[in-house]
Amino acid sequence: MRLPKGEERDVALRTRKFASRIIRLYVSLPLTVESQVIGKQLLRAGTSVGAHIAEGNRAKSRADFANKVDGALQELDESVYWMNLLIDNGIVKTEKLHDLMDEAGQITAVLVTIANKTRRSETKQA
């Protein structure tokens with residue numbers, strides 16, 4: 001199962017750029033214990049989004065594909081959680097993370113649409 005060609009390129013590129021931005025954010029964090037612990041969690045979650053999409057493009061069925069997209073959505077939710085913790089604890093200013101959190105929301109909306117379309121088409125084929 002693969003994403004349609006245009007969507008595949010767009011989602012893959014957006015999630016890779018998202019991961020790169022997460023990496024740059026992590027590198028810029030202060031070297032305090034709390035910021036490094038939260039940062040490593042964010043680094044893991046934020047860089048996993050695109051990996052789930054890549055795995056989905058090799059899925060064996062629509063259900064498997066939908067599960068990979070769901071995994072990407074879970075990692076996006078977790079990424080937003082860790083970014084909020086960075087803000088809540090005064091480690092990073094809200095303004096610095098606003099665009100990154102907005103991109104997480106936009107990617108989430110795209111992936112929810114893809115997952116819903118996949119499940120609808122799966123139901124029609126059954």
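Visitor: Which backbone oxygen lies 2.6 Å from a polar atom of the Ser 35 side chain?
Guide: Start with Ser 35 itself, which sits in helix H2 (helices are DSSP runs of H or I, at least four residues, and strands are runs of E, at least two, numbered from the N terminus). This is a predicted model, where local features need pLDDT of at least 70, side-chain atom pairs count only at pLDDT 80 or more, and totals for chains, interfaces and linings use all residues. Residues are numbered from 1 along each chain as its sequence is written, and side-chain values use heavy atoms, with hydrogens and water left out. The oxygen in question belongs to Pro 30.

Visitor: Is Ser 35 buried or exposed?
Guide: The cut-offs are under 20% relative accessible area for buried, over 50% for exposed and partly exposed in between, with a 1.4 Å probe and protein chains only. Beyond four places in sequence, Ser 35 touches Leu 29, Pro 30 and Ile 91 (contact means heavy atoms within 4.5 Å). Its relative accessibility is 0%, so Ser 35 counts as buried.

Visitor: How far apart are the end C-alpha atoms of H3?
Guide: The expected span of a helix is 1.5 Å times one less than its number of residues. H3 covers residues 62–88, 27 residues, so it should span 39 Å. The model agrees, with the end C-alpha atoms 39 Å apart.

Visitor: Which residue is 6.6 Å from Ala 72, C-alpha to C-alpha?
Guide: Ala 72 is in H3, and with a relative accessible area of 0% it is buried. Leaving out residues up to four places away in sequence, it touches Val 49, His 52, Ile 53 and Leu 111. The residue at 6.6 Å, 19 residues away in sequence, is Ile 53.

Visitor: What is the geometry of the Tyr 81 and Trp 82 aromatic pair?
Guide: Rings of Phe, Tyr and Trp (its six-membered ring) pair if their centres lie within 6.5 Å; planes under 30 degrees apart are stacked, over 60 edge-to-face and the rest tilted. Tyr 81 is partly exposed at 48% relative accessibility, while Trp 82 is buried at 14%. With centres 5.0 Å apart and planes at 75°, the pair is edge-to-face.

Visitor: Which residue forms a salt bridge with Glu 103?
Guide: A salt bridge is a side-chain nitrogen of Lys or Arg within 4 Å of a carboxyl oxygen of Asp or Glu, and the count comes to three. Glu 103 in H4 reaches a partner in H1, 89 residues apart. Glu 103 is buried at 14% relative accessibility. At 2.9 Å, N to O, the partner is Arg 14.

Technical notes
Polar contact = N/O pair within 3.5 Å; in protein donor to acceptor, adjacent residues only side chain to side chain.
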